[in-house]
Each structure stands twice: as structure tokens, then as C-alpha cells.
Amino acid sequence: MSELSVDHLLGIKYLNENDINLIFETADHFKEVINRPIKKVPSLRDITIANLFFENSTRTRLSFELAEKRLSADVINFSAASSSVKKGETLIDTVNNILSMKVDMVVMRHPNPGSGVFLSKHVDAKIINAGDGAHEHPTQALLDSYSIRERLGEVAGKKVVIVGDILHSRVALSNIFALKLQGAEVTVCGPKTLIPRYIHKLGVKVETDLKKALNWCDIANMLRVQNERMEISYFPSTREYTQQYGVNKKLLDSLDKEIVIMHPGPINRGVEITSDVADSKQAIILDQVQNGVAVRMAVIYLLASKIKR
Ligand code: CP
């Protein structure tokens with residue numbers, strides 16, 4: 001039987017192409033399951049999963065919880081804002097207390113880059129990184145590629161532009177790793193101040209002119225400006241950012257071809273994307289959210305199959 005090459009999902013950079021294909025084939029099966037009248041399978045009745053969220057989340061948190069429940073796992077949820085972290089408890093103490101309640105797998109979102117790797121070295125449970133600071137968001141990149149595959153048939157050979165705040169985006173880095181691994185061409189587009197200097201080392205092109213980037217690509221993945229990770233201003237004003245790097249219907253209609261629009265959410269309507277684009281047939285934003293459940297079911301199922309029972 002095929003299995004993942006990794007024991008944890010800490011980042012796309014630790015996966016190979018076979019891992020991604022296996023996750024997608026498994027997700028195809030679970031997508032069929034969640035479209036049935038009874039959307040559950042009993043596969044993980046003997047597994048307990050803790051969702052530890054030290055940062056805010058809507059989509060990722062709900063999607064993981066639903067994926068776990070669709071697999072019949074027992075689920076506990078932890079939010080740092082209402083926990084003893086506020087009284088000074090460390091990450092390791094927090095997690096070890098939770099694990100002493102016989103937890104098999106931890107899904108964690110944390111503001112510190114590398115927090116998932118750190119945890120995997122100190123605790124005896126499978127770890128899934130649900131976003132570690134500005135580092136990686138592997139399940140987002142997997143569901144993004146899965147959604148491209150669903151809409152356009154395959155990822156290999158496709159031209160993808162990632163637009164916006166590349167510097168602070170874990171979605172951008174995980175997407176670059178995932179898309180390159182599958183043979184897509186990637187360009188990043190945004191103000192020079194929001195593009196990391198090392199980016200060319202990842203095998204991507206840089207384009208600061210949005211219209212040129214859109215005319216080149218098959219898919220545009222629009223990112224939110226991560227104001228919460230900025231201590232200084234990276235562009236003169238939101239209005240100027242929108243004028244240069246926001247997509248609207250008039251801009252898309254002026255292109256040589258119809259492209260697919262993606263967004264990981266949350267959307268700032270009227271900033272990086274207007275409502276007439278976000279809610280159009282060109283956008284696959286809600287397909288991404290829907291596919292997130294099947295992709296996360298696949299990741300959880302495949303990692304759980306490596307637990308010694
Ligand atoms: N895409 C994403 O990570 O959204 P949330 O922050 O709402 O989980």
C-alpha cells in the first residue's frame with residue numbers, strides 16, 4: 001500500500017511529488033464521500049485529534065474540525081485566547097498536558113515560524129502545521145493545487161501568478177514549493193517592498209506590472225495584505241495599492257484571455273479583489289474552501305495510517 005514519505009505534515013518543502021499525488025488521489029475518494037447523503041466514514045474511530053490554534057482562523061480551523069469529524073475521529077479544540085497560555089504556560093507544557101489525555105495527532109496554527117518542527121521533535125504525536133507565522137501553510141497549498149487540478153485538469157505546465165504581499169505570506173511560500181514540485185511555472189507580482197530578495201532562488205520570476213503578469217498567467221492567486229505582520233508601511237496608501245495590485249472586472253475583461261482567480265481568504269473586498277470578481281464564475285474561491293475538507297481528510301487519514309496501534 002502507498003504511504004507518505006513523511007511522519008508529519010510540517011511544510012510542503014518536506015514532501016515529494018508522489019506524496020502530493022497520493023494526497024490528491026485520497027482526497028478524490030473523500031470528495032466523493034462528502035457528497036453522499038451520509039458524509040461520514042468510520043476510518044478513524046480510534047484516533048483523537050487536538051486542534052491547537054494560537055492565531056485566529058475561520059476557514060482552516062472549521063475545515064480541519066469538519067474533516068476530522070467526517071473521519072469519525074474524536075476531536076478537542078484549543079484556542080490560546082481563552083487558555084492558560086495567557087497565564088504564562090509554555091507551548092511544550094501546553095501540548096504535553098493535552099497529550100497526557102491520550103491525543104494521537106495535533107493540528108497547530110502558531111505565529112512563530114518553525115513551531116511545528118519544534119513540536120514534532122518534542123512530543124510523541126503526529127503534527128500537522130496549520131500555518132506557522134509567515135513560513136508555511138501546507139494544507140492551503142495542497143487544496144489550492146487540488147482546485148487548479150479540478151478546474152484545469154492538471155497543474156503541470158500551468159502558469160500561476162501569486163499577487164500581493166509575498167513577504168509576509170505563508171500561503172505564497174507553500175504554494176511556490178507545491179506548484180514547482182508539480183511542474184507549474186510561477187511568477188510573483190507585487191510592490192518591490194513586499195517581494196523577498198531571496199525569491200529568485202526558489203525558481204520563480206518577479207513581475208511588478210500586474211497587467212503584464214495577468215496576461216502571462218492561466219491562474220492568478222490574489223493574496224491579502226497582512227497588515228497584522230507589518231511594523232512599518234510598505235506602500236504609500238491602501239488606495240494606491242489597490243490601483244496597482246487590485247483586480248477588478250474591467251482589468252480582467254481587458255486581458256487577451258480568461259484566467260482563473262483564486263484567493264485563500266480572508267478577502268478584503270475592494271482592496272486586492274473587487275466583489276464583481278470575487279463572486280464571478282472566473283473565481284474558484286469557494287471551490288478552494290470546499291476542497292479543503294477533502295484534502296485535509298486525506299492528509300489526516302494518511303498520517304493516521306502511520307500511527308502504531
Ligand atoms: N486561508 C486561511 O488560512 O484562512 P483562515 O486564516 O481563516 O484559516
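**View 1. The ligand between the two domains.** Domain 1 (12-136 + 290-304) and domain 2 (138-288) of this predicted model both give residues to the shell around the ligand, so the ligand lies between them. These bounds come from an automatic or database domain assignment. The C-alpha centres of domain 1 and domain 2 lie 25 Å apart, and the contact (heavy atoms within 4.5 Å) takes 30 residues from domain 1 and 28 residues from domain 2. Residues are numbered from 1 along each chain as its sequence is written, and side-chain values use heavy atoms, with hydrogens and water left out. Local features need pLDDT of at least 70 and side-chain atom pairs count only at pLDDT 80 or more, whereas totals for chains, interfaces and linings use all residues.

**View 2. The shell around the ligand.** S57, T58, R59, T60, R109, H137, Q140, P264 and G265 surround the ligand, each with a heavy atom within 4 Å of it. By residue class, this shell divides into 1 nonpolar, 6 polar and 2 charged, with Pro counted as nonpolar, Arg as charged and Gly among the polar residues.

View 3. For P264, a backbone N or O atom lies 2.8 Å from a nitrogen atom of the ligand.

Notes
A polar contact is a pair of N or O atoms within 3.5 Å; within protein, one must be able to donate a hydrogen and the other to accept it, and residues adjacent in sequence count only if both atoms are side-chain atoms.
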